[in-house]
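Hi,

Here is the structure I promised to send over. Have a look at it first, and then read on for what turned up.

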Amino acid sequence: MAFTNEQLERYSRHIILKEVGSRGQKKLLNSSVLIIGAGGLGAPAAMYLAAAGVGTIGIADADEVDLSNLQRQIIHATKDIGKPKVESARETMEAMNPDVTVKTYHTFVTSDNILELIKDYDFIIDGTDNFLAKFLINDACVMAKKPFSHAGIIRFKGQLMTYVPGEGPCYRCVFKNPPPKDAVPTCKQAGVIGAMGGVIGSLQAMEAVKYILGVGDLLTGYLLTFDAITMEFRKIKLPSGEKHLHPEITELIDYEQTECEGI
Ligand SMILES: [Zn+2]
């Protein structure tokens with residue numbers, strides 16, 4: 001596949017990087033990433049992946065755009081209120097980069113459909129906002145041997161980690177089980193500063209791009225936390241993580257919807 005002149009110009013700042021080059025850009029164009037949740041995390045992740053020329057981007061979300069989303073979910077605009085988030089996200093990504101094929105899944109991700117959804121993708125981004133969804137995505141990715149980026153944001157804090165099969169602990173290794181219902185506030189109850197989604201969601205896009213390129217160190221075996229009040233990033237080494245094969249993860253547990261979907 002040869003680049004068109006337009007592609008050479010569009011991706012020139014990538015191609016000039018020795019870690020990317022023409023070869024890396026072609027890898028990106030031939031790759032696929034599924035984003036689950038078109039909210040505060042999924043919005044910037046989707047936009048940077050589309051801009052980077054990730055050839056196929058899937059986006060799954062059951063919600064419609066609400067006015068209260070627009071403080072942070074920058075892929076959606078005021079004119080999109082009431083529209084399915086996946087449609088609004090698709091329009092923004094396609095307008096940004098015609099090289100990208102966007103596949104939309106206007107559905108709740110459940111134990112019934114998640115394995116089918118993730119099976120054709122190279123990398124998964126968890127942009128959901130509730131623990132039960134996060135455990136479902138984790139367990140499905142462990143079962144299907146799919147790499148994924150976990151992230152969570154609330155108030156002025158964010159965190160993320162990356163799971164690569166056979167290379168480090170998964171989300172369940174670290175957090176064991178979902179906390180009891182109502183033990184942890186949702187973003188609707190607790191709030192979240194808008195740019196936090198941009199910081200952490202962009203880092204998720206960065207992990208996906210680095211995974212596809214095979215460049216640098218991923219957050220595999222580490223949890224990265226960010227506190228916007230103190231402006232401190234901490235990279236916390238997670239225990240062991242050599243052989244997290246999880247024979248005990250053999251079935252998927254469904255999650256309940258919380259009041260505030262897709263942060
Ligand atoms: Zn694990």
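Let's begin with a charge and a ring: Lys235 lies over the face of Tyr222, at 4.5 Å from the ring centre. Another lysine, Lys26, sits over the face of Phe3, and there the distance to the ring centre is 5.1 Å. Before you go further, please keep in mind that this is a predicted model.

Next, the aromatic pairs. Searching the whole structure gives five of them. One is Tyr171 with Phe175, a tilted pair with 4.9 Å from centre to centre and 40° between the planes. Both residues belong to helix H8, where they are four residues apart, or about one turn of the helix.

Now the inside. The largest nonpolar core is made of 28 residues. If you want to find your way into it, start from the residues with the most contacts inside the core: Val33, Ile35, Leu49, Ile57, Ile59, Met93 and Ile125. Strands E1 (32-36), E2 (56-60) and E4 (123-126) each give two or more residues to this core, as do helices H4 (42-52), H5 (85-96) and H10 (194-213). Which element gives the largest share? That is H4, with seven residues. As background, nonpolar side chains tend to be buried together in soluble globular proteins.

There is some nonpolar surface to look at as well. Phe131, Leu132 and Val184 form a patch of about 200 Å². Val184 is found in the loop between helix H8 (171-175) and helix H9 (187-190), and its relative accessibility of 34% makes it partly exposed.

Finally, the salt bridges, of which the whole structure has 13.

- Glu19 and Lys18 meet through their side chains, with 3.0 Å from N to O. Lys18 is exposed, at 75% relative accessible area, whereas Glu19 is partly exposed at 38%.
- Glu91 bridges to Lys83, and their closest N and O atoms are 2.9 Å apart. Glu91 has a relative accessible area of 32%, so it is partly exposed; Lys83 is also partly exposed, at 24%.
- Glu94 pairs with Arg90, with 3.0 Å between the closest N and O atoms. They are about one helical turn from each other because they are four residues apart in helix H5. Glu94 is partly exposed at 34%, and Arg90 is partly exposed at 21%.

Cheers

Notes. Residues numbered from 1 in each chain as written. Predicted model: local features only at pLDDT ≥ 70, side-chain atom pairs only at ≥ 80, totals over all residues. Heavy atoms only, no water. Patch = residues over 30% accessible without salt bridge, like charges linked within 9 Å, V, L, I, M, F, W, Y side chains within 5 Å. Areas by Shrake-Rupley, 256 points an atom, 1.4 Å probe, with all protein chains shown as cover. Salt bridge = Lys/Arg side-chain N within 4 Å of Asp/Glu carboxyl O. Buried < 20%, exposed > 50% of the residue type's maximum accessible area, 1.4 Å probe, protein only. Phe/Tyr/Trp six-rings, centres within 6.5 Å; stacked < 30°, edge-to-face > 60°. Lys NZ or Arg CZ within 6 Å of the ring centre and 35° of its normal. Core = buried A, V, L, I, M, F, W, Y, C linked by side-chain atoms within 4.5 Å.
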